[in-house]
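This briefing concerns side-chain contacts and aromatic pairing. Please consult the sequence and the structure shown below.

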Amino acid sequence: MKSIILREIKTFFGSPIGYLVIALFLLFNGLFLWVFEGEYNLLNSGFADMTPFFTITPWILLFLIPAVTMRSFSDEKKQGTLELLLTKPISLWHIVLGKFLGALSLIVLALLPTLLYVYVLYQLGYPVGNIDLGSTLGSYFGLLFLVGAYTSIGVCTSTLSENQIVAFILAVMGCFMFYFAFEGLASYFTSFETPLSFMGMDSHFKSMSRGVIDTRDVLYFLSITYFFLAVTVYQLKSLRA
């Protein structure tokens with residue numbers, strides 16, 4: 001599995017993909033949070049608060065993570081190397097986890113520079129340090145779980161087609177449905193508002209963003225991640241048969 005993870009990371013940074021994803025993520029966040037006027041501008045909010053960052057980041061990642069994962073298995077299928085990979089003396093779970101952790105590593109690397117935002121707001125607070133670090137750390141913790149869920153969806157959809165664009169579109173649709181669609185449906189079907197909201201990632205992410213780590217939220221994200229990774233393994237079993 002370690003060799004697959006290293007191979008994925010090497011592939012990302014052996015081409016412009018890895019650098020482009022990190023650059024685009026930081027560019028979009030930087031523009032919305034520090035340059036563009038509006039409700040997301042941290043300097044104009046009047047508070048040392050990272051809430052705008054955690055509001056727009058799930059939407060940016062909703063497109064960037066599928067762009068990273070779309071090639072995970074679809075490219076292997078297109079190049080004809082998937083059959084060779086499946087014949088290696090390694091379990092399907094190790095193959096899937098290797099692809100998953102490789103893509104996850106790239107996204108985590110993209111998130112690390114945003115810790116600088118926390119430091120800047122910490123210094124700009126009045127008095128210095130007037131920022132809710134508990135809520136901020138909880139939000140980052142929730143964001144890592146959200147990234148894991150997005151990545152598992154992207155890896156799963158990459159097994160459905162050898163066309164990377166199709167895999168990208170399916171991943172975006174899957175991430176959108178689990179992040180926002182259930183929350184949107186809950187507002188229309190008020191009698192089922194609680195169960196529908198519970199099925200969506202948005203409510204669980206917001207819950208963790210308050211700085212309270214509830215085991216229900218953690219189990220939800222872990223369940224979503226495991227489910228899509230298990231579906232990926234099932235898909236590979238059908239391809240191997």
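Which residues does Asn 29 touch, not counting residues up to four places away in sequence? They are Trp 34, Phe 53, Ile 56, Thr 57, Ile 60 and Tyr 117, where contact means heavy atoms within 4.5 Å. The model is predicted, with local features needing pLDDT of at least 70 and side-chain atom pairs pLDDT 80 or more, whereas totals for chains, interfaces and linings use all residues. Residues are numbered from 1 along each chain as its sequence is written, and side-chain values use heavy atoms, leaving out hydrogens and water.

**Asn 29**
- Asn 29 is placed in helix H2 (residues 16-35); helices are DSSP runs of H or I with at least four residues, numbered from the N terminus.
- Asn 29 counts as buried because its relative accessibility is 0% (buried means under 20% relative accessible area, with a 1.4 Å probe and protein chains only).

**Aromatic pairs**
- The whole structure holds 18 aromatic pairs (rings of Phe, Tyr and Trp, the last by its six-membered ring, with centres within 6.5 Å; planes over 60 degrees apart count as edge-to-face).
- Phe 53 and Tyr 117 are edge-to-face, since their ring centres are 5.9 Å apart and their planes stand at 80°.
- This pair links helix H3 (residues 51-69), which holds Phe 53, with helix H7 (residues 115-124), which holds Tyr 117, across 64 residues.
- Phe 53 is buried at 0% relative accessible area, and Tyr 117 is buried at 10%.
- Tyr 150 and Tyr 179 also pair edge-to-face, at 6.5 Å centre to centre and 75° between the planes.

**Aromatic cluster**
- One aromatic cluster comprises Trp 34, Phe 53, Phe 54, Tyr 117 and Tyr 140.

How values were computed. Helices (H or I, at least four residues) and strands (E, at least two) are DSSP runs, numbered from the N terminus. Buried means under 20% relative accessible area, exposed over 50%, partly exposed in between (1.4 Å probe, protein chains only). Rings of Phe, Tyr and Trp (its six-membered ring) pair if their centres lie within 6.5 Å; planes under 30 degrees apart count as stacked, over 60 as edge-to-face and the rest as tilted.
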